[in-house]
Amino acid sequence: ASPRRPEADLAILEALRNASNKVVPEWTNWIVYSSEDRKFNRDIMAGLLRAQLLNVSELDEHLAKLIDGGRNMAAVEFCAFIIRQCIIEGRYVTPSEMSSTFDVFNKLVQRGGAPETISRILEEVRQLPAAGQRDKSSKKAKDPIAASV
């Protein structure tokens, strides 16, 4: 038997999402209540977000709480990766969809002691053209980065 490919799994999940609008909230809940090692799997989460298979705003609320004021460095690093991958590089998630995480990151920077990568990511997002738009959508959104600084 040959190993399964993540792209094929995502295609199956997308077909299920297209068949029923009830699956996205269920999948989001599965992720929210899964263990951190599963939740923080970077490739899988980036793929699920790219394929729009999760409720980003609900996931964002959960991730912002997991950061725990900067005490959970695994969550901080994971959120930094998701922002870089899904907003800065991929542009398939908007900054406004991750507003709770940005609020926490801005507070960490203002308080001092935040990893330099957080300041750098916040600055990169501020400099994105049309930072409130997805590549696949013309949906406009407020800029949570500029609003909270």
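1. Basis of the note. This is a predicted model, in which local features need pLDDT of at least 70 and side-chain atom pairs count only at pLDDT 80 or more, while totals for chains, interfaces and linings use all residues. Residues are numbered from 1 along each chain as its sequence is written, and side-chain values use heavy atoms, with hydrogens and water left out.

2. Overall make-up. The protein has nine helices and zero strands; helices (H or I, at least four residues) and strands (E, at least two) are DSSP runs, numbered from the N terminus. Of its 149 residues, 42% are buried. Among contacts (heavy atoms within 4.5 Å) between residues at least 6 apart in sequence, 66% join residues at least 24 apart.

3. The core. The largest nonpolar core has 42 residues, and I83 and F105 have the most contacts inside it. A nonpolar core is a set of buried Ala, Val, Leu, Ile, Met, Phe, Trp, Tyr and Cys residues joined through side-chain atoms within 4.5 Å. Helix 2, helix 4, helix 5, helix 6, helix 7 (99-111) and helix 8 (116-126) each supply at least two residues of this core. Helix 6 gives the most, with 11 residues. Not counting residues up to four places away in sequence, F105 touches I67, V76, C79, A80, I83, I118 and L122.

4. Helix 4. The buried residues of helix 4 (residues 42-50) are M45, A46, G47, L48 and L49. Their cover includes helix 1 (6-19), helix 2 (23-32), helix 3 (36-39), helix 5 and helix 6 (73-89). At the start of helix 4, a side-chain oxygen of N41 comes within 3.3 Å of the backbone nitrogen of D43. After the helix comes Q52, with a positive phi near 55 degrees.

5. D60 is found in helix 5 (residues 56-67). D60 is buried yet has no salt bridge, and the nearest side chain of opposite charge, K65, is 10 Å away. For charge, Lys and Arg count as positive and Asp and Glu as negative; His and the chain ends are not counted. A polar atom of the D60 side chain does lie 2.8 Å from the backbone nitrogen of S100. Leaving aside residues up to four places away in sequence, D60 touches E97, M98, S99, S100 and T101.

6. Helix 8. The buried residues here are I118, I121, L122 and V125. Seen down the axis of helix 8, they fall within an arc of 100 degrees, so they line one face of the helix. The arc is that of the directions from the helix axis to the C-beta atoms.

7. Salt bridges. The whole structure has three salt bridges, each a side-chain nitrogen of Lys or Arg within 4 Å of a carboxyl oxygen of Asp or Glu. E124 and R84 meet in one of them (2.8 Å, N to O). This pair links distant parts of the chain, with E124 in helix 8 and R84 in helix 6, 40 residues apart. R126 pairs with E123, the closest N and O atoms being 3.4 Å apart; both lie in helix 8, three residues apart, about one turn of the helix. D68 forms a salt bridge with R71 at 3.0 Å between the closest N and O atoms. D68 is partly exposed, at 37% relative accessible area, and R71 is exposed, at 63%.

Technical notes
Buried means under 20% relative accessible area, exposed over 50%, partly exposed in between (1.4 Å probe, protein chains only). A polar contact is a pair of N or O atoms within 3.5 Å; within protein, one must be able to donate a hydrogen and the other to accept it, and residues adjacent in sequence count only if both atoms are side-chain atoms.
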